[in-house]
Amino acid sequence: MRSLRIAMAQINPTVGDIVGNTRLIQTWIKEARQAKADLVAFPELAITGYPPEDLLFKPRFIEDTHRALRAVAAEARGVVVVVGYVGQGATAVLTSDAPSFPLAGRHELYNEAAVLSDRRILATYRKRHLPNYGVFDESRYFHPGSRLPLLVLNGVTIGVNICEDIWFSDGPTRAQAAAGAEVIVNINASPFHVGKGRMREQVLATRARENRVIVTYTNTVGGQDELVFDGCSMIVDQAGEIVGRGKAFEQDLIVADLDVAAVGRARLTQGRKRPLPPRVAALIDRVDVRLPARKLQSVVVPDLEPPLGRLDEAYRALVLGVQDYVRKNGFKRVVIGLSGGVDSAITAVIAVDALGAENVLGVFMPSPYTSRASREDVADLASRLHIQVDTLSITATFKSYLRALSRSFKGRRPDTTEENLQARIRGNLLMAYSNKFGHLVLTTGNKSEMSVGYATLYGDMAGGFAVIKDVPKTMVYELSHMRNQVGPAPAIPKRVLERAPTAELRPDQKDEDSLPPYAILDPILKAYVEEDRALEDITAMGFDRETVARVIVLVDRSEYKRRQAPLGIKITHRAFGKDRRMPITNGYR
């Protein structure tokens, strides 16, 4: 059969580590060459990591990127390499005293894919559709491209494009296929959220089927601040069938022999093609490459990793997000305030799965209102996870605060002020551990709490990384039950999952004293925060109008708190932070 052996390297680069990323790419090129691949594809902006953000305003960063590309090209021997990097327009002028921000007509940058072979840069493709929504800001940095290079490799015609380009039915894929492309090499840095993998597969299947073309989709993997990239690179044949799928949340090299002859047979059933419009045909650049013929022992059929379920993929994203944030920022250990509640329990379990029990320290800080059940559950959790737990009572410190404030507060009844004092004492103690030992503090607040401001600024919000910041409370329970099914014994004590949620900052306190039940609160929050529905729309879903109105007020009033919270891992369609950006000073209601 007429075929093309492709390798797709879903690697885990680090933003800004140009030298390390270059070495990683060179290593995987060698792996692809050993697999006798004709072509190896790397993710979008693999040399810089994604997203590089305002590093792109530094002229030296761009220069270093181009040096790295030349080093990658030097390794492109006996195999064609497609790799993402930052390209620069021909009109750009960079001098030693150039300002570190773009000037019109002088510093044009492009999100590019370079096609390398025989130690040379044969062609480049510039991304045409620049996403500028949600977590994306590509129009802030890049100009759109226009040319459409086609690579003819040993007689197989290949079109290269980048990420967002393939989401458009009238985008580059259509033009490249119409110009003769039999295979599309699409390179990506597509961030994860729950359910996104199924969306991708639907889009790629449609694009492959409507153009009668094989689509190879190479995605990056790893954590970058609040973003997690899930890999799951895939191959979709000309009929829209997924014939190869890479691992989820792991580096992987997917190797496959593509049956290019099948594309020609499929196109015969379509009848005569309409010619390309002259203006599109003028954008096509053809590059011919010949590699030495190889004697292949057998046809390589790609692995077809099964897709993960909703909770599995969310949990894997959280583990990888913690692992990479800690590792890439130079930490070794983390410290977590353990309360005996489900939020701190699942945070500790995720941390142990990400870093190992030896690198997780728990701190239990009982107050006068801490129950015996909480003490027992913290000890039980620590025993199950095999982690060290230090106990620091805050009772004496809390009493000293009350004494210090007694004159100023004379005649006023206790309220949330005294509750918040306890949370802030705990935050101080955790940060002291961080300062003294260099541990990263992981906070334990969930999305439901962060949405309505049920958290204490400079208290339980104090820390370096918010693991479950984008996980609704109801999903916290779902993830906990799922994780308890793994391993020889449940990781989280049963009572932790059965007790009513409580902050234990006053006698007999329960979350539902201040908030609607989470089974009601979370759907309202999803409608308002993630879907931007109005009060009337949410009420029409069957919720009490007064409850909805109260929740909306709480969400709107809490923006100032969220702005001061540590970043956390995005797993939903719309997370606080990069996804949802509301003004703090805001008169719209």
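Tutor: Let us begin with a pair of strands. Strand β4 (residues 109-117) and strand β5 (residues 120-126) run antiparallel and are joined by six bridges. This is a predicted model, in which local features need pLDDT of at least 70 and side-chain atom pairs count only at pLDDT 80 or more, while totals for chains, interfaces and linings use all residues. Residues are numbered from 1 along each chain as its sequence is written, and side-chain values use heavy atoms, with hydrogens and water left out.

Student: What makes β4 and β5 count as paired strands?

Tutor: Strands (E, at least two residues) and helices (H or I, at least four) are DSSP runs, numbered from the N terminus. Two strands pair if DSSP finds at least two bridges between them. Six bridges join β4 to β5, so the pair meets that definition. Within the pair, A113 stands opposite Y125 in β5. The two strands form a hairpin with two residues between them, and D118 in the turn has a positive phi of about 55°.

Student: In the open sheet of seven strands, what makes β13 and β15 edge strands?

Tutor: The order of that sheet is β13-β12-β9-β8-β7-β6-β15, with mixed pairing. β13 (242-245) and β15 (284-289) each pair on one side only. The twist averages 20° from one strand to the next. Inside the sheet, β8 (residues 183-188) and β9 (residues 214-219) pair in the parallel sense over six bridges, and I184 stands opposite V215 in β9.

Student: Why is M234 called buried?

Tutor: Buried means under 20% relative accessible area, exposed means over 50%, and partly exposed lies in between (1.4 Å probe, protein chains only). M234, in strand β12, has a relative accessible area of 2%, so M234 falls under the buried cut-off. Contact means heavy atoms within 4.5 Å. Leaving aside neighbours within four places in sequence, M234 is in contact with residues including M8, R200, L204, V215 and G244.

Student: How do you know that E75 is buried as well?

Tutor: The relative accessibility of E75 is 10%, so E75 also counts as buried. E75 is found in helix α2 (residues 59-75). Beyond its neighbours within four places in sequence, E75 is in contact with Q26, I29, K30 and R33.

Student: What leaves one side of β18 and of β20 without a neighbour in their sheet?

Tutor: Their sheet is open and has five strands in the order β18-β17-β16-β19-β20, with parallel pairing. β18 (388-391) and β20 (465-466) stand at the edges with a single partner strand each, so one side of each has no neighbour in the sheet. Further in, β16 (residues 334-338) and β17 (residues 360-364) run parallel and are joined by five bridges. The bridge partner of L338 in β17 is F364. Helix α12 (residues 416-437) packs on the sheet, touching β16, β17, β18 and β19 (440-443).

Student: Why is α16 called oblique to α18?

Tutor: Axes are lines fitted to C-alpha atoms, for helices over the stretch in contact, and angles run from 0 to 180 degrees between N-to-C directions. Angles under 35 degrees count as roughly parallel, over 145 as roughly antiparallel, 65 to 115 as roughly perpendicular, and the rest as oblique. α16 and α18 pack at about 60°, with their axes 10 Å apart. That angle makes α16 oblique to α18. The residues of this contact divide into nine nonpolar, one polar and one charged; Ala, Val, Leu, Ile, Met, Phe, Trp, Tyr, Cys and Pro count as nonpolar, Asp, Glu, Lys and Arg as charged, and the others, Gly among them, as polar.
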